Amino acid sequence: MKLKMDDIARMAHVSKSAVSIAINGKEGISEDTRQKILNIISEYGYTPLRKSRKVHKKGIGEITFLVVTSSGVVQNDYRSLPFFSSLISALSASTSKLEGSLRTVTIQSNELEEKIREVKENSNNGVLVLGTDLDKEQVALIERNLTDVVFLDTYYKDIVADFVTMDNYQGAKMAGEYIISKNYERVGYFASNKLMSNFNERRRGFRDALLEKNLHVDEKYFYYISPTGLEPHDIDIDRLIQDPPQAIFCEDDYIAIRLIKALQQQSNLIVPKDIAIIGFDDIYESSLITPELTTVHVPIEQIALQALHQLYEKSKNEEWVPQKTLVSTKLIKRKSL
């Protein structure tokens, strides 16, 4: 039985009109309500009813969203992380607008080679792959086995495939330049202890921004930390407050928010008076913490639309050449820096 708008409304405990507003990307409901509705659509799938068969045939159809979980950032509870939740919601909304539906398939990384053919057999209209934790070999394996595939949230220069992700280098370089513009010289860096291409590019961009001004991050101000933890207990606050840097760049907002909480709970240092902090991703929670987090905004909706565009063109155009798309980021100036 196909999911109907009435079903979605009942599951989300909202009106049918609220569901329509969410699906069509219009104003009139809270962001929390919108996310709840789109998450239900993502999980259970929804194809809008159309009166015209002609219009239906032009729809994008059912798109497979392949998620490969691992011990890295994309674990079994990845949906609980704001960035991935927003990405799935954006993909669901964009697919619905194109008269299609999104089917999510989750497999473990150690089962990838075994199950990739099964994914191919059950995916008729192309596959979007969440590539956050994927290494080169895994990307190459998927590319070899799937005909129409676009990788999201990762990028490898030397692999001929379709990629769509944020410009991590540009965003981190912009963050570094903003720190320098504030005349900070003792700069700290909180890095992810999970290796992935996104964080590597952020590290490279930030380093280059400092090098242009003959600055660098001293080893004593460089920290490794989990990029997805919720509690600040894993931060070595004693080491930090003994000789604090003037400003700190965090490789994602989760790290930055935990750092602010740790400083507030375990030290007398005030953000941004004693330590200025900047993050990356602009998740919803970054505007709720006190002080509000200065961060780098990632245009998730644009990434979703671009990925679907490339997937559609790839499937319909025999002359299509694999395209690597980097979507630029922008600086969100708030109170933490």
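Contact here means heavy atoms within 4.5 Å, and the views below are taken from a predicted model.

**View 1. Packing of helix H2 against helix H3.** Helix H2, which spans residues 16–23, and helix H3, which spans residues 31–44, have axes that come within 9 Å and cross at roughly 80°. Because angles of 65 to 115 degrees count as roughly perpendicular, H2 and H3 are therefore roughly perpendicular to each other. From H2, the residues Ala 18, Val 19, Ile 21, Ala 22 and Ile 23 meet Arg 34, Ile 37, Leu 38 and Ile 41 of H3. Sorted by class, this contact of H2 with H3 comprises 8 nonpolar residues and 1 charged residue, with no polar residues.

**View 2. The open sheet of 6 strands.** The strands follow the order E2-E1-E3-E4-E5-E11, and their pairing is parallel. Strand E2 (100–108) and strand E11 (324–327) stand at the edges with a single partner strand each, so that one side of each is left without a neighbour in the sheet. From one strand to the next, the twist averages 20°.

**View 3. Pairing of strand E1 with strand E3.** Within the sheet, strand E1 (residues 61–69) and strand E3 (residues 127–130) pair in the parallel sense over 4 bridges. For Thr 64, the bridge partner in E3 is Val 127.

View 4. Helix H7, made up of residues 136–145, lies across E3, strand E4 (149–152) and strand E5 (162–166), and runs at about 155° to E4.

Technical notes. Residues are numbered from 1 along each chain as its sequence is written. This is a predicted model: local features need pLDDT of at least 70, side-chain atom pairs count only at pLDDT 80 or more; totals for chains, interfaces and linings use all residues. Side-chain values use heavy atoms; hydrogens and water are left out. Axes are lines fitted to C-alpha atoms, for helices over the stretch in contact, and angles run from 0 to 180 degrees between N-to-C directions. Helices (H or I, at least four residues) and strands (E, at least two) are DSSP runs, numbered from the N terminus. Angles under 35 degrees count as roughly parallel, over 145 as roughly antiparallel, 65 to 115 as roughly perpendicular and the rest as oblique. Ala, Val, Leu, Ile, Met, Phe, Trp, Tyr, Cys and Pro count as nonpolar, Asp, Glu, Lys and Arg as charged, and the others, Gly among them, as polar. Two strands pair if DSSP finds at least two bridges between them.
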